[in-house]
Amino acid sequence: MKYWRTPLDIDKIKIPRGELHIIKERCKGCGFCVEYCPKGVLKLSDEFNSKGYHPPVAIKPDECVNCDLCEMLCPDFAIYCLRAEDVEKEVTS
Amino acid sequence: MITEVAQQKQEHPMEKLLRMDRIPHIWCPTCGIGTTVTALAVALEQLELDLDNVAVVSGIGCTGRVAGYMKLDSFHTTHGRAIPFAFGLHVARPDMKVIVFSGDGDLISIGGNHFIHTARRNVDITVICVNNFIYAMTGGQVAPTTPLTAKSSTSPYGNYEHPFNLPLLAASSGAVYVARWTALHIRRLTTAFKEAISKRGFSFVEVIAPCSTLYARLNKLGDGLDLMKFYHDNSIIKHGADPKDIDIEYQSKITVGKFVDIEKPTFLDCLNNRNKEVFGDKYKIYGGGNGHNRD
Amino acid sequence: MKADPKNVLVGSHYLDGNHACAEGAIAAGCKFFGGYPITPSTEIAERVSRRFPLVGGVFVQMEDELASMGAILGAAWGGVKSMTCTSGPGFSLMMENFGLGIMLETPCVLVNVQRGGPSTGLPTLPGQADMMQARWGSHGDYEVIALAPDSPQESFELVIHAFNLSEKYRMPVLVMTDECVGHMTEKVIIPPAEEIELVERNYTDKKPGEAWPYEDTKNLLSPLLPVGKGYKFHVTGLTHDQRGYPIINDEAQEWNVRRLIDKVTKNVDDIVWLEEKDVEGAEIVVMAYGITSRVVQPAIAKAKKDGIKIGMIKMVTVWPFPEKRVKELADKVKALIMVEMNYGQVFLEMDRCVAGKCQTYFVGHAGGTVHNPEDVYKTIKEAVK
C-alpha cells in the first residue's frame, strides 16, 4: 500500500492479523465471504461438505487483517476471525 | 493462518446470542436473513446491554424464524401479529428492550394495520423488517413490496400493483427513527440497529435482503450473491433523504441511509403525562407490571 | 393469595353485567386490557379505561380485535394479568390469536358478550350462538374452558373465577356472557378483598438453563418462565417440544396436542361447575346456561305445580361439557331438555352424551330476545307425555 505521505506515527501502528476459522459443515457455499474479503484471502474450495456445498478455503491466510467482514456477512455463522495477537507484524513503509 | 474447526468444538463469537442447538438454520443458501441476524447480534453485543432484558418477537415467514434462533427471551407468534404481541410485552415490561424481527409480508401486508398504529402511538419498540420483495416461505408469491413488473409465482406476468415504500409508511405513521440498508451494508446496518435499539420510541429499520431461491430465481437475477453485487453497485447512501423520494423500482437504484431521527414522547410517556395532569398526586407513574414477585 | 384491597370496589352497587365484568377484572388484579369497541361489550372497555389509571393498569384501545388478543398475550408473557372483551364479529377475529394463546399456554381472559349472528347480525340484541365457536373457533384440536354468567353479580364473580382458572391451567379462559346479562342492571355485592381468593401465577422454581417452558410435568401444568430473568426461553405457535422448540413431525404433534387436551380433560372434575336443583329423583331435567338459566325458571315452577317431577341444571361452565353428569342422568331420567338461544349447539353435545338412553328435547331460537317461558313449558309437557 502506498501513502501520499508517511504517517508520523507509523512506527506505532500495527496491522492487525486475523486468525480465520471456517466451520465447513455449516457452510452453504453462498460465496459472500469470498466475494467481499477486502484482501482476497478466500476462495471456494473444490471439496464438498456433507450437505454437498463447497466451503471456502483460505488461499492467502497470512493476509487476513481480522476485519470481520466475512464473519458479519456469512448468513450461516460458518466463518469467523479471531485477533491473532502473537502474529502481528509491524508495518513497514 | 487458518483453522478448520471440527464440528464438536465450534465457537463462533455469536454463539452466546444464538441457539446453537438449532443451527444450521432453515434459510436457503445465499439468503440474506442470516447476515441480518449477525448484524443484530453484533449490535446487541456492542451496546453492552444486559441480554436478559432483551426480547425478540417474530411473526410468520422466513424472517419470522429469527426469534427461534436468537438466544434471548423469544416469541414466535402468529402471521402479522408480532407487533401487537410485542406491544403487550413492552407495556408489561417497559424496562425491557423489545425487538420485532420479521418480514415484509408479515409486518406490512397482513400486519400493516398494527405497524401503522404502533408507529402512530410511538411505542418504544424496535421493528426490523427484512424486505426480500416476496413471500418466500410459501413459495414466492407477490408481496406489497414487490417492485412493479417483478415476477412472482402469483404475478407470473410481472407485478402491476404499486408497492409500499416502507420508510415513507413508517415515517408518515409516526416513527421516530427510520433507516434503510441492504444486507450488504453490514456495518452501517449494525450501527442502524444500535441506534434504533437505543432510540426511545418506535424505531424502524428496513433491510433489503436477497432471496435467492424465489425472488432471484423467478426474475432470473442469478442468486443471492448476484443480488448482493447488485446492491453494491446500485445503492445510494443519502442520509436525511425525504422518504417520499425513495421508492424502489424493479432493479433500480436503491436509496439507503438514515431518513428520520427525531424526538417525540413515547406511548408510555404520553399515558403517564396525561394521567399525571388529570389525577395529580393520586396517580402513580406507570412503570411496568406486577408479575415478578420472586425476586 | 387474596385480592389487593386497592383494586376492590367494596360495597353494594347497582351495575349492569358489563360494568360488573370490568370490576371483576380489576378485583382479580388485571393490569392490561387491550380492547376494541363493539356493541354490546363496549361498556367493559369504557369502565376499565376509567378505572385503570388509579389502580396501576394500562388500558389500550387497540386498532382491531386481532391486535387486542395479540397484545393481551404479549402482556401476559410480560408478567401481568390481561384481558380483552368483544362480541360476535370481534370474537371471530380474536380466534386466530386465541389459538396462539392456547398453543403458547398463556393465562388471560376473553369476555364475549354474545349478540345475534351470523355476521353483523343483531348488535344490540342477545344471542347464545357463539357457543360452538367458543369450543372450536380457532383451527386445530384443543380444549377450552368457557363460563356463562346469568347476572351482573355472577359476571363479577365469574370473571375473577376465569382469571383463576386461566392461571391454574395456564390457558386463555372464555367468559361467554350475552347482551341481556351485559345490559341488565342489578344489585352487585362486591365483597372485601380478603374474601376474594386469587390464584397466583405459577412461575418456575428452577434456575435459568434448567427450566423449559413446557416441561413434561405429571399434571401437565408446567410452571411459566418469567421474561427478563435470564431464562432466554423460546415459545412458538408451531408444534413444539417441551423446550418450546418447533418440531415438525407427527410424534411431536401428538405430544403437543394431547397435552393441550389432557390438561383440561384430566382435570374436568375440578373445572366443571354445575348448579343443580331438584335433580335427584327428577323425571325431567332442564339444562340451560347464562341468561337462559333464569328464563326457564317460571316454566319449571309451572311444571312443578302440575305435579311434574322436574329438576334443573344450570351450567356455570359450558366447556368442558359435563359429559359424566349427563351420562349419569341419561340412565335415570325420562328426558333431558336443553334450552339455549341458538339453533342447537350445546344441545347436540348433550344429545351425543345421552346416546339414546333417554329422550332429548331442544328449545331454541335464533336469538334477539330471551325465550318465552311458555315455549319451555310446552316442551316440558310434551316430554312427560
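Author: A residue is called buried when its relative accessible area is under 20%, exposed when it is over 50%, and partly exposed in between, with a 1.4 Å probe and protein chains only. By that rule K199(B) is buried, with a relative accessible area of 8%.

This is a predicted model, in which local features need pLDDT of at least 70 and side-chain atom pairs count only at pLDDT 80 or more, while totals for chains, interfaces and linings use all residues. Residues are numbered from 1 along each chain as its sequence is written, chains are lettered from A and ligands numbered from 1 in the order in which they are written, and side-chain values use heavy atoms, with hydrogens and water left out.

A salt bridge requires a side-chain nitrogen of Lys or Arg within 4 Å of a carboxyl oxygen of Asp or Glu. Over all chains, the count by this rule is 46. In one of these, K199(B) is joined to D261(B), with the closest N and O atoms 2.6 Å apart. The two residues are 62 residues apart and belong to distant parts of the chain: D261(B) is in strand β9 (residues 254-261) of chain B, and K199(B) is in the loop between α7 (186-198) and β7 of chain B. Helices (H or I, at least four residues) and strands (E, at least two) are DSSP runs, numbered from the N terminus.

The strands named here belong to an open sheet of nine strands with mixed pairing, in the order β8(B)-β9(B)-β6(B)-β7(B)-β5(B)-β4(B)-β2(B)-β3(B)-β10(C). Its edge strands are β8 (235-237) of chain B and β10 (234-236) of chain C, each of which pairs on one side only. Two strands pair if DSSP finds at least two bridges between them. Strands β6 (residues 177-182) and β7 (residues 203-208) of chain B run parallel and are joined by six bridges; Y177(B) stands opposite S203(B) in β7(B).

E143(C) and R135(C) form a salt bridge whose closest N and O atoms are 3.2 Å apart; E143(C) is buried at 13% relative accessibility, and R135(C) is buried at 9%. R325(C) and E280(C) form another, also with a closest N and O separation of 3.2 Å. Here R325(C) is buried at 14% relative accessibility, whereas E280(C) is exposed, with a relative accessible area of 60%.
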